[in-house]
Amino acid sequence: MTAAIDRRSSVCPHDCPSTCALEVEVLDGNRIGRVHGAAANSYTAGVICAKVARYADRIHHPDRLTQPLMRSGPKGSGQFREITWDEALDRTAAAFIDVAETHGSEAVWPYYYAGTMGLVQRDGINRLRHAMRYSRQQNTICTALCEAGWMAGVGRFTGPDPREMAKSDLVVVWGGNPVSTQVNVMVHITHARKERGAKLVVIDPYRTGTAQHADMHLALRPGTDGALACAVMHIAFRDGHADRAYMAQYSDVPAELEAHLRSRGPEWASAITGLTVAEIEAFARLYCATERAYIRTGYGFTRMRNGAAALHAVTCLPTVTGKWRHEGGGAFWNNRGIYNWNKSLVEGWDLRDPTTRVLDMSRIGSVLTGVREALGSGPQVHALLVQNTNPVTVAPDSNRVRRGFLREDLFTCVHEQFMTDTALLADIVLPATMFMEHDDVYQAGGHSHIQIGPKLIEPPGTCRSNHEVHQGLARRLGAVHPGFAMSAMELVDQMLTSSGWPNAATVLERRWVDVQPKFDDAHFLNGFGHPDKKFHFAPDWSRIGPDHARMPKLPDHFAIIDDAAPSRPFRMVTAPARSFLNTSFTEVPQSQKREHRPTAMIHPDDAARLGLEDGDRVRLGNERGEVVVHAHVIGGMQPGVIIVESVWPNAAFEGGIGINALTSDEPAPPMGGAVFHDTSVWLRAEAAVLADAAE
Ligand SMILES: Nc1nc2c(c(=O)[nH]1)N[C@H]1C(S)=C(S)[C@@H](COP(=O)(O)OP(=O)(O)OC[C@H]3O[C@@H](n4cnc5c(=O)[nH]c(N)nc54)[C@H](O)[C@@H]3O)O[C@H]1N2
Ligand SMILES: Nc1nc2c(c(=O)[nH]1)N[C@H]1C(S)=C(S)[C@@H](COP(=O)(O)OP(=O)(O)OC[C@H]3O[C@@H](n4cnc5c(=O)[nH]c(N)nc54)[C@H](O)[C@@H]3O)O[C@H]1N2
Ligand code: SF4
Ligand SMILES: [Mo]
């Protein structure tokens, strides 16, 4: 007789808008079995991605870090020896104290991102930072361009309930690939298709898993979404689908917009996007004719120098056509504005010194190699504490990032679950818990639930949580704040109640709290987020970021992308791979097997012209670097476009040089942001390697 399996509630902590409500089979105090999506949660609806369903492969992976390590050979040699936690924390604190005394406190840079989305474990590093007056961080690597583009027009981070997609008659997935990157969106879309015969349109440079399901796939040139959006609005005005009454009440300058768009018709957009006039007209017809049309924006089309302008242009569509008013209509990016967190205790807001230097995280390569404008007003960085991120692989211009990490006068402590490319370049490596091994609270970007993920099992070896590391360092550095004296669950509880939400015990008992705003607010019937309550076709970009002067006054194609040129004739997009989540899960054998190897998708016409066959080795390059991958000849995109699904560890590439060697850390206007999909490259065939040649 077998005992009933203990199924316990949890939350997916990964950097994914779905933030799925989970049910975990807990086998004993140390091990888990399958992970399931919670059927009772109205957004998760019982569905999660394959990666997390088999989380046992990641959490019980034999390669997990379990002991603190100290570098015992040259930087980058991969030689480490085990040390105790006390020694590791003592050495790290001593290095930080020494650097601060010699170069000033801003020479220490605590660097983090969203490897866990838990608000206490992820953001607690800021309490340590503020207490010690270390350099601050501008979080630009993922969402900055979306933030800028969404705020410009809409003015508030919310929108029509994503569950309303199930009640839409048309869902437009614009620059996202939810089949890979947030599977629950597909669940709600499938509902609408089955129940209502809803149509799905996908706007993406290549034929993604999502595009394969679509009724219409618009494979435009990367970085040209602003032109497509303008042409659709032009057609709406031209053909009598503009909702003038709605615009008069809810928008700023509709007449100026109409005049501006007169010269931005489908022929104009066709030349820029590479789509045919017929494709643009057909999409515009479908969009304009459907009241319940829901635009689900992804991040992809914003990872461009013109990304903020492009997202702003897309949010103008439902305004011109008045679709925000309808159930299942409007547009949605992220719900982060609905949670109203009071993070003062978690982040130590009371200790924040607004005069400390702020560094752009996407420019870590430029920062660590001492590029003056990237360092701002402060000193060279001489010490790093890295948590929940793998910048040596994921940050742009990675050859430069690597050079920075190899500096002999830089001390680096990396707190990690695995020996990542970044941990390999550290002086001290600390082993980290995973989400089922510590307590935390989570908000969802892609829906509206607050959830707690409690500790369910013991970690392997001596792993410690981020919060425990902050506590251990604070003690040694003399950082004083009440937050360091509390447990993670006490911080969760205090943050919940001081933000106006039920306490931790209640959230745990109820499993989640749904804080979706009322229909009228979510659909902006009471006005948009700006003081004048209007949607802004002509945004005040100066309120959004310092690099505002060159932003287009009205929605437009903003021609500042890294366009193809004779010396770099291909536009490369590094879209997310399905079985990886950034570089997380690259260590799981099943994921590696599915993704096979780093690959450049290339159009059959380009392949024929270059004499390439499927599987050939090719070299991609530009002024920043060169990378070798295998070609996959495939249709579904325009000639001149190359797709390299990402983010493979650097070590998966020949010579250990990964794809971000080609991407740029140039900050996009108006307030920075990484431009991962905005890269022009040359491509040439490589001789087969000897092993292949011998076959
Ligand atoms: N499996 C998996 N899931 C993930 C991730 C992952 O790496 N793998 N990453 C997680 C993270 S951190 C994030 S931020 C989200 C991102 O989730 P998404 O928003 O889905 O991902 P993006 O990288 O923004 O790319 C989405 C799509 O945009 C397309 N795209 C690129 N350029 C353009 C363009 O110019 N115009 C248009 N219209 N489309 C374009 C790409 O081809 C890609 O198919 O996913 C999360 N979930
Ligand atoms: N070429 C290209 N590059 C990209 C992108 C792209 O589309 N193309 N996408 C970009 C985007 S959207 C993003 S968000 C970034 C993300 O990049 P990262 O934030 O670096 O994401 P991951 O690579 O998943 O690395 C997260 C790391 O955190 C660790 N971790 C997880 N939980 C914890 C914890 O509780 N404690 C500690 N100490 N560590 C933990 C994991 O083991 C993992 O190694 O990558 C960007 N890079
Ligand atoms: S879909 Fe996203 S949130 Fe859901 S389990 Fe997978 S990675 Fe986690
Ligand atoms: Mo991201």
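## Helices across the parallel sheet

Let's start with helix H8 (residues 184-196), which lies across strand S8 (170-174), strand S9 (199-203) and strand S11, running at about 140° to S9. Angles here run from 0 to 180 degrees between N-to-C directions, and axes are lines fitted to C-alpha atoms, for helices over the stretch in contact. Helix H14 (residues 277-289) packs on the sheet too, touching S8, S9, S10 and S11, and its direction makes about 125° with that of S10. Contact means heavy atoms within 4.5 Å. Helices (H or I, at least four residues) and strands (E, at least two) are DSSP runs, numbered from the N terminus.

This is a predicted model: local features need pLDDT of at least 70, side-chain atom pairs count only at pLDDT 80 or more, and totals for chains, interfaces and linings use all residues. Residues are numbered from 1 along each chain as its sequence is written, chains are lettered from A and ligands numbered from 1 in the order in which they are written, and side-chain values use heavy atoms, with hydrogens and water left out.

## The sheet itself

The sheet is open, with five strands in the order S10-S9-S8-S11-S12 and parallel pairing. Two strands count as paired if DSSP finds at least two bridges between them. At the edges sit strand S10 (216-218) and strand S12 (330-332), each pairing on one side only. On average, neighbouring strands of this sheet are turned by 15° against each other, direction ignored.

Strand S11 (residues 293-297) pairs with S12 in the parallel sense over three bridges. If you look for Ile295, its bridge partner in S12 is Ala331.

## H10 against H14

H14 also has a helix partner: helix H10 (residues 225-238) packs with H14 at an angle of about 60°, their axes 9 Å apart. That makes the two helices H10 and H14 oblique to each other; angles under 35 degrees count as roughly parallel, over 145 as roughly antiparallel, 65 to 115 as roughly perpendicular and the rest as oblique. On the H10 side, the residues making the contact include Leu228, Val232 and Ile235, and on the H14 side they include Ile280, Phe283 and Tyr287.

## A strand with both faces covered

Now hop to strand S2 (residues 21-26). Six of its six residues are buried, so S2 is largely enclosed by the rest of the structure. Buried means under 20% relative accessible area, exposed over 50%, and partly exposed in between (1.4 Å probe, protein chains only). In a regular strand, side chains alternate between the two faces of the sheet. In S2, one side carries Ala21, Glu23 and Glu25 and the other Leu22, Val24 and Val26, all buried.

S2 runs antiparallel to strand S1 (residues 6-11), joined by six bridges, with Arg8 partnered by Val24 in S2. S2 also pairs with strand S3 (residues 32-37), again in the antiparallel sense, over four bridges. Here Val26 stands opposite Ile32 in S3, and a hairpin of five residues joins S2 to S3.

## Cysteines and a buried methionine

Cys12 is buried, with a relative accessible area of 10%, and Cys16 is buried at 14%. Searching the whole structure turns up zero disulfides (pairs of cysteine sulfur atoms within 2.5 Å).

Finally, Met637 sits in the loop between strand S23 (625-633) and strand S24 (641-643), and this loop residue Met637 is buried, at a relative accessible area of 7%. Met637 and Asp204 are 433 residues apart in sequence and 8.7 Å apart in space, C-alpha to C-alpha. Leaving aside neighbours within four places in sequence, Met637 is in contact with residues including Pro205, Tyr206, Ala219 and His603.
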